[in-house]
Amino acid sequence: MSVAPTPSDGTRFPHKNLLGIEGLSPDEITLLLDLSETYVEQNRRPDKKQSVLRGRTLINLFFETSTRTRTSFELAGKRLGGDVINISVSDSAIKKGETLMDTAMTLNAMHADVLVVRHPFSGGVALLAQKVNCAVINAGDGSHEHPTQALLDALTIRRRKGRLAGLTVAICGDVMHSRVARSNIHLLNTMGARVRIVAPPTLVPAQADRLGVEVFTEMEPGITDCDIVMMLRLQSERMSGSFVPSVREYFHFWGLDYEKLGAAKPEALIMHPGPMNRGVEIDSEVADDVGRSLIHEQVEMGVAVRMACLETLVGQLPSLDGAEGNTAQ
Amino acid sequence: MTANGEKRATGKVAYINARLLDPATGLDATGGLLTVGETIADFGPGLFAGGQFEVGIPDDAQVIDCKGACLAPGLIDIRVQLRDPGEEHKETIQSGSRAAAAGGVTAMVCLPNTDPPIDDVSVLEFIARRAREVKLVKVYAYGALTRGLEGREITEIGLMAEAGAMGFTDGVKATADATVMRRALSYATAFGKPIIQHPEEPSLAAGGEMNEGEIAMRLGLKGIPAVAETIMVERDLRLVELTGGRYHAAHLSTAGAIQRIREAKANGLPVTCDTAPHYFALNEMAVGDYRTFAKVSPPLRAEADRRAVIEGIKDGTVDVIASDHAPQDQDSKRLPFTQAEFGVVGLETLLPISLELVHNAHMSLIEVLARLTSRPADVLGLRSGRLAKGGPADLVLFDPDRPWRIEDGELNSKSKNSAFDGRPVQGRVLRTVVDGRTVYTLDR
C-alpha cells in the first residue's frame, strides 16, 4: 500500500455501526481491508498490544453460542487495549423473559463503547442497534449477514491473489440459510468478483439470481475454472431428510473432494468459515491440504479484520477527552 | 358537525343536503333521509329538497345538514379480531367498538380465536352481552369450526348458528384436514351458514415470516410461497363441488387464488371471498428493513399479486373488502421480525384505504362502497348494508375527498399496530349512526 489508511476519518467510513455488507461502497470495504492488512503484520510480532481502544469498553453480546467469532472479537478488543466483557444471553436473560429491547436498554445504561452482537434471528442486531448509543457490530444475525466474516474472507483472498476484481468465486452448500454466503455475495459483487453459488436445489434461496450470482446445482460445472471454492457448513438438522436426504448422499454430490476440485483452476484455493463438518461438506484430505486450504489463514485474518473494524468504529465515537468524534449517521 | 341550531332529537332525525349512496340499488343522488327510532323511515333524491327551506321536515325531527357529504349504509366489516375475552390488553369489545365507530363501521364480525375460543354457545352469548353493554356498533361473531380451533372435531354448528353465529371458521388457522373441511361444508348446509377459510396450506407456510421472494432472501427471512394460498383454495373448491357447501375464502392475497375463485364463480359454485386493504395498498416492499408492522398473515405479496387483487375487486371476483383487524400490543411487535406476531389494526383505516381505489381511478365510489356494505351483508345474510325504508338506520356520513394523515397515536384501538401510520389519505368519516343513534362524530 502506498497510502496509509486514515481510519478515524469519518468521511471515509460514514457509518456508526457495521450491520451488514449490503450498502457498503467499494471504497469503504477497501478502507477496512487496508487497515486490516496493517494489523496482520502487527499480530505476527511478539508485542501485539496497541492502545487504540484504551479506556473503551467492548461488550461481546452473544444470543447464540459461538467460540470462534467471540474469541476472535475478544482477542481483537484486548490487543487494541480495550476492556472486553463477554455476555452469553442464550442462557441467562432470555430464559428469564427479558426481551431484546430490555437487554439493549440495560447495556446502554452501562455505557459500553462498542457492542458486538450475534443474534439467532435476522434483523435482531439491527433492532438492538436502534436502541443503543454505542457502535454496534453485527457478528451474525440469523440467515441475514455476517459482515466481519466476509471481510476476513476477502482479506484472505486478496492477500493470496493480490486482488478481488475479476476473480471467480464459487460459494457452495447451504446458501439458503447462510449469513456468511449473503455477506460474501454482497462483498464480492461490490468488489467486482464473479460469484457463483452451488447448492442442492432445496438449498438455493428463492430468486437467488437477483443477488447477481450464477446459480448451479451441480458441483463440477459450478466450480469449473474457479479461483476460489468457498464451502459452507451444513447444519445437522438439515441433513437427514428435510432439505437433503442424508449425509452420505450430500457428500457424494456436493461434498468437496479432490475429484470434484479437479474442475477448478489448478491454483484454486479452498475456504471454509468453520467449524467444518469433515466428511459432510468437505473431505478431510482437501481441508488439510496446506497448499490449497486457507482455512487456518481465515482464522488469523479474522482477528486483524475485527481490530480494523473496532478501530474504525471507535474512531467515530466522541473522543475520551469529551471532544466530538467524526460521527456521521 | 355540531348540534347548534338543530331541532331537538325526539327519535326523528332528518339528514338533509346529503349525497345519498346506496350500492344495493345504485342510487347516487343528492337528497335527504329520515330516521325514526331505529329505522330508516324515508329517503330519496326528492326528500327535503328545497335548499335552505328544508321542505317537508317533520317539526319534531333533529336536522343534520350533511353539506353535500356522502350518506351511505354503514360499513360491514366481516373479519376482525377483538381479543375479548382473553387478551384484553390488546383490544376489548369496548375499544374495538369505538375503533369501528370511528371508522364508519356499523357492524363487524369477530373471529373465534379468543381465549377461550368461541367454540360453544356460552362464549357466543358472552360476546353478545358485552356488545349490548357497550352499545356502540353491532358486534357479530363467527363460531369456531372445530373444538378448541384444533382442526379435528367439528363444533356444535347448529346450536351456535341458532345462537347467532354468522358462520364458522378456525380463525387465523387454516382448516387443513380435508375430511374435516368436507364434513364442515356438508353439515353447515343444513343451517345455511358459510364456512370461512384462512386459505393457507400450513405445511408450506410453516415457520414462514414474509412472502417468499427476493426481499425475503435478502433479509434472510423464511418465505411463505404464494402457492400455499392457491393450493388450499384449489383443494377447498374441489370439496365445495363435492358437498355444495357455502364457502368463503378470507383475505385473498395472491393472483393464483383470485383466478381460481374467478373460475369457480364462472362455474356457478357457491363461493365468495374477501381481501383486506393492505393486500391492494401495499406489497412486500413494505417489510423494508424488518418492519414488523408489515408482518401479516397471509404475508404482503409481490407487486403483481397486489395488482391482481385490485383486478379481482374491480371485476367482482372479490366480493368484500374486510379490515382483517388484528390488534397487537407493543410487546408483540417490537421484537426481531421472526418473533413478532402477525397482524395489523384496520377498522379505522378500512374506508380511506379502500377509497384509494376510487382516487386512483380503479373503480367508482359506489362500486367500492358495495364491497364494504351490501356485498358483505349478502355474504352473511344481513338486512343491513343498504338504504331501505323500514330497514335498520345504520349509516355512515363521510367526505370522500377530505385529506388527512393516518397517525397511529390517534387510533381508538387499544393497539396501534397500523401498517399505514403516516400515510396521507383522502376520505374521512364525519358521523357514524347505528340503529338511528349517532355513535361517532368527527370533532374537527
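C66(B) is buried, with a relative accessible area of 1%, where buried means under 20% relative accessible area with a 1.4 Å probe and protein chains only. This is a predicted model, in which local features need pLDDT of at least 70 and side-chain atom pairs count only at pLDDT 80 or more, while totals for chains, interfaces and linings use all residues. Residues are numbered from 1 along each chain as its sequence is written, chains are lettered from A in the order in which they are written, and side-chain values use heavy atoms, with hydrogens and water left out.

**Cysteines**

- Over all chains the structure holds zero disulfides, a disulfide being a pair of cysteine sulfur atoms within 2.5 Å.
- For C66(B), the closest cysteine sulfur is that of C70(B), which at 9.8 Å is too far for a bond.
- C134(A) is likewise buried, at a relative accessible area of 6%, and its sulfur lies 15 Å from the closest cysteine sulfur, in C309(A), too far for a bond.

- T169(B) belongs to strand β10 of chain B, residues 168-169, strands being DSSP runs (E, at least two residues) numbered from the N terminus.
- With 0% relative accessibility, T169(B) counts as buried, and a polar atom of its side chain lies 2.7 Å from the backbone oxygen of I196(B).
- Beyond its neighbours within four places in sequence, T169(B) is in contact (heavy atoms within 4.5 Å) with residues including L111(B), P112(B), Y142(B), L149(B) and I196(B).

Key: Buried < 20%, exposed > 50% of the residue type's maximum accessible area, 1.4 Å probe, protein only. Helix = DSSP H or I, 4+ residues; strand = E, 2+ residues; numbered from the N terminus. Polar contact = N/O pair within 3.5 Å; in protein donor to acceptor, adjacent residues only side chain to side chain.
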